[in-house]
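Please open the structure in your viewer and keep the sequence panel beside it. The tour moves from the whole chain to single residues.

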Amino acid sequence: FGSSRTNLCPAAMEGMGDRTIGDAIVDQLVAAAEDAEAQIDSELARLDNKDEDTLDEIRRRRIKGMKSRQEQIKKWRDAGHGEYTHLNDEKEFFAAAKKSKRLVVHFFRGSNMACDVVDKHLSILAQKHLECKFVKINAEKSPFLTERLRIMILPSITICLDGESRRTFAGFDELDGTYDFPTELLESRLVDWGAIDAPKDEED
């Protein structure tokens with residue numbers, strides 16, 4: 001805050017009466033300190049306003065992000081996300097693949113215990129991962145799809161991204177080869193293959 005040296009001109013010294021030079025020096029030091037304090041207060045006020053502006057900007061971004069997320073969730077739900085849907089025919093499959101960027105398809109056959117196991121896990125994941133649409137379709141009633149996607153073993157799970165099939169795995173070989181695999185294992189496989197996002201606790 002500048003030099004601490006204090007100069008008293010002769011004119012200022014005249015007429016001080018009983019006041020001493022020391023008193024005058026003290027007065028000037030006090031004045032200088034008050035000026036410095038005023039400068040500090042001004043800087044702090046500026047920083048406070050800057051911090052407030054920063055917080056306001058953070059709030060605005062968060063609100064914008066929340067609104068965007070809510071709009072996206074609405075679009076997903078309108079497209080049938082959040083539910084495990086039974087497709088009646090191949091036409092419904094192509095419509096779903098066109099409407100959803102990420103699609104998990106379970107090719108099943110009725111009265112098949114292994115298919116029932118997959119149904120159980122996909123029903124849980126469909127509710128948890130709104131970013132992906134989960135569906136099932138009867139393989140025996142979908143000859144064109146089963147031939148095109150080379151579905152030979154049931155159950156088979158096919159992952160479609162942006163309207164194209166990217167990966168199909170059949171049976172439980174990639175799920176520890178057992179009927180008792182946990183939902184989290186299938187979830188992890190779907191994350192690895194890009195069908196769904198990683199759970200928040202895993203991202204952190």
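What follows is a series of selections, each with a note on what is there.

This is a predicted model, in which local features need pLDDT of at least 70 and side-chain atom pairs count only at pLDDT 80 or more, while totals for chains, interfaces and linings use all residues. Residues are numbered from 1 along each chain as its sequence is written, and side-chain values use heavy atoms, with hydrogens and water left out.

Begin with a cartoon of the protein, which has seven helices and five strands (DSSP runs, H or I of at least four residues for helices and E of at least two for strands, numbered from the N terminus). Along the sequence their order is α-α-β-α-β-α-β-α-β-β-α-α. Of the 204 residues, 34% are buried, meaning under 20% relative accessible area with a 1.4 Å probe and protein chains only.

Next, select S100, in the loop between helix 3 (90-99) and strand 2 (102-108). S100 counts as buried because its relative accessibility is 3%. Beyond neighbours within four places in sequence, S100 is in contact (heavy atoms within 4.5 Å) with A79, H81 and K133.

Finally, select the cysteines: C115 is buried at 1% relative accessible area. C160 is in no disulfide (a pair of cysteine sulfur atoms within 2.5 Å), the nearest cysteine sulfur, that of C132, being 9.4 Å away. C160 is also buried, at 4%.

Terms used: Buried < 20%, exposed > 50% of the residue type's maximum accessible area, 1.4 Å probe, protein only.
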